[in-house]
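Let's walk through this structure together, one chain at a time. Keep the viewer open and follow along as each part comes up.

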Amino acid sequence: MKVRNISSLEKRRWITAYLFIAPIVILFAMFRVYPFLFDFVLAFMKWNVFKNKGTWVGLSNYAKLIHDDTFFHSLKITLLYTLIYTPIEIIVGLGVALLLNVKFLGRSFCRTIFFMPYIFTSIATAAIWTWLYDPTSGLINAVLEQLHLPTCMWLQGEKTALGSIIIYTLWREMGYSMIIFLAGLQGIPQRYYEAARIDGANKFQSFIYITLPLLTPIVLFVLVMVTIGSFGIFGPVYVMTGGGPADATLVLVLYMYRLGFRYLKFGYGAAVGVMFFILTLIVTIVELKILGKRKVSYY
Amino acid sequence: MRIKKISTGIIISILMVLLVCNVVLAQGVLNLWCQDRNLDRSQHRGFNWVYREFEKATGIKIKVAHAPIEDLLKKTLAAFAAGTGPDIMDIDRAWLGAYLKNDLLAPFPPDLQEKWESMAVPAFKKFEVKGKVYELPIWVDVYALNWNKDMFKEAGLDPNSPPQTWEEFRAYAKKLTKYDENGKIVRVGYAIRYMGNPTGVVQKHLWALWSAKASIITPYDTLTGGRTNFNNKGGYAAIDLIKKMLYEDKSTAFGFGDPRDAFVEKKAAMQISECAAIPSRAFKEAPDLNYGMALPPHPKWGIRVTNINGCPSIVVVDGPKKDIAFKFIRYLMRPEIQMFIPLTWDVDQLGFGIVPFARFLYKHPWFQNMYYDAVLKMAEYGRPQPVEINYTEASDIFGKYMVQAWFNKISVKEALAKAEKEINALLAEE
């Protein structure tokens, strides 16, 4: 009898708990899980968005992808962007975090300044940077001219457009990795550094043998997040170049957007989305496998 | 228990009454969706008056919702998918094909079409699709060549004689280009658009393509089954014209941004875009800008042509409120309303720059000036963009290769062949 009473109390507690989390679970299922799963279904269909119905086309959307030069071009641009941007963001983010981890007057102010771009609306900052980058009336070229340095076409040059977007994104996103690295750095006990100093280690050796190994989980986290973010780059490209000039900045998500919302090919766009997901998943797993093995602990 | 039952009954009754009221009220509301600024009652006192008068006369309320152009398309797609679309909307011609293919738009009834045809400036007849009228352009934008008269004078050219042919165009642009002491171009003779989405780039270069008797898809009033017509002498000449200006004449260059900005900022002596683009900005941003407006140039062996777009253009959704919507269209086509709209349009534009739809308006003193004479003459050579359902994608493909050829990444021949192959594959899909 006693057991049954406890059980019913537990049951009520469980029900209450589930009721509390139900709204978020329902919303999550509706707005995250369902669209995600539906994308896989949509990729097998030719979808008429006006009539909200689709025709089953099997694997033909995927078959089309194989012959789609624009898809491979946008994939190449996305990979190029990720390969250049990700290491730079991690190195710069870590570098700035190391500098701002040292005690000096105005440290908090500097941290705020570095983090601020991250909280600004990306569309607004991208629009401002587009003006700064203007080859004929932009501030950047004006300063370069004053310093008698060669000017650049920035966003309007076929060879410089992607680099210009990388510089802008670095300025905007770097604060994010910096703050994560800072938190990681502050979690490393000072006694390790003191012990190393007693053993005669210099600052560089302390960084290589203490900071870096102990930061590995943080680096891994930032790496995965930055890589995923880089694969999904859209806003700055959409605002600053629209994918141009001559598709020089046409990234995968922008191509997906064009397929869906400009050409109304939602089924085919979904197939590109599935490929995008698989690619991101593979790269993330590889990163986790390689770096995840490196577990360092000091007792 | 009884109280519970009574209160439940009351709540259900209230809900039923509200539902019925909502349905009844919704019957008397016409939902109009438009692009930002276009037709919005909160932003234009003129339109607010137009709507108010209609509301007073009919008891039907006009509910206006507006969004930026790309968001509007997303909004309408979502709404049509959910079965809650607008009753009347402002449409971009690029979307028209898809809407028509899905039977979402209602053609004007015969009597209204007759009235439309008798009212319209002749060039607007080209807006018809297979002999049927679907849209009421509030006004039209004609693409024109703008030239800076002061720069022409400075270069020893007649400021009142813009280039008519491509040969003159190239020669003038060369004379008008200015370099600094290091040989760097500081002012282009002609500003090109090559940035942004490829369709936008193509739009600004259609004058060259069409005047060389080429086109991306032909005919322009077919929803499906169109064919390409650019991998030929005309298409080659149209892309090569700019390439020659870039590399042989050095009279244009990359890096000058949007041609309209370059022209207003006096970094370009000539540019080609919507006729309203410069007048609507110049008086505010460059009041001393002394410029002219003419039909874009054409090759000696080509034709005189330019592109025209309805902006905004109203269509009626084929739905339960179709009849009320046409009532509103009839009201908008009344002479006094046609007269009122352009006269009270956005203060920024001082009422010029736009081409009114009704031909009788041009007899009014307000429209009898050099500007409207020029615009009306240009409109005669106007051609709207095709309504082919794949036009946007085809245009994006063409634009991508055209700019690649301009960047010397591929030859013009290669650009045309690649674009043709991809566009033909696209057209074969349907």
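A residue is called buried if 20 or more other C-beta atoms lie within 10 Å of its own, exposed if 12 or fewer, and partly exposed in between, with C-beta atoms placed from the backbone. Helices (H or I, at least four residues) and strands (E, at least two) are DSSP runs, numbered from the N terminus. This is a predicted model, in which local features need pLDDT of at least 70 and side-chain atom pairs count only at pLDDT 80 or more, while totals for chains, interfaces and linings use all residues. Residues are numbered from 1 along each chain as its sequence is written, and chains are lettered from A and ligands numbered from 1 in the order in which they are written.

Let's begin with chain A. Its domain assignment gives domain 1 (2-42) and domain 2 (62-292); such bounds come from an automatic or database domain assignment. The C-alpha centres of these two domains of chain A lie 36 Å apart.

Now find helix 12 of chain A, residues 266-292. This helix has 27 residues and spans 37 Å from its first C-alpha to its last, close to the 39 Å expected at 1.5 Å a residue. (The expected span is 1.5 Å times one less than the number of residues.) Among the buried residues of helix 12 of chain A are A:F266, A:Y268, A:V272 and A:F276. A:I119 counts as exposed because it has 10 C-beta neighbours inside 10 Å. Its C-alpha atom is separated by 27 Å from that of A:F277, 158 residues apart along the chain.

The loop between helix 10 (235-240) and helix 11 (252-262) of chain A holds A:P245, and the peptide bond from A:G244 to A:P245 is cis, with omega near -10 degrees. A:D247 is found in the loop between helix 10 and helix 11 of chain A too. It has a positive phi of about 65 degrees although it is not a glycine. Why does A:D247 count as buried? Because 23 other C-beta atoms lie within 10 Å of A:D247. As background, most residues other than glycine have a negative phi, and most peptide bonds are trans.

The peptide bond from B:T218 to B:P219 is cis, with omega near -10 degrees, and B:P219 lies in the loop between strand 8 (215-218) and strand 9 (227-229) of chain B. B:K213, in the loop between helix 9 (206-211) and strand 8 of chain B, has a positive phi near 65 degrees. With 20 C-beta neighbours inside 10 Å, B:K213 is buried.

Next, look at the strands of chain B. Two strands pair if DSSP finds at least two bridges between them. Seven of the seven residues of strand 10 (residues 268-274) of chain B are buried, so this strand is largely enclosed by the rest of the structure. Strand 5 (residues 139-148) of chain B runs antiparallel to strand 10 of chain B, joined by five bridges; B:Y143 has B:E274 as its bridge partner there. Strand 7 (residues 185-190) of chain B runs parallel to strand 10 of chain B, with two bridges, and B:Y190 stands opposite B:M270.

An open sheet of five strands in chain B has the order 2-1-3-13-4, with mixed pairing. Its edge strands are strand 2 (61-67) and strand 4 (135-137) of chain B, each pairing on one side only. Within chain B, strand 3 (residues 88-90) and strand 13 (residues 313-316) pair in the antiparallel sense over three bridges, and B:I88 stands opposite B:V316.

Finally, consider the domains of chain B, which is divided into domain 1 (29-138 + 311-383) and domain 2 (142-308 + 390-429). Their C-alpha centres lie 29 Å apart. The contact between them takes 21 residues from domain 1 of chain B and 21 residues from domain 2 of chain B, where contact means that the C-beta atoms of two residues, placed from the backbone, lie within 7 Å.
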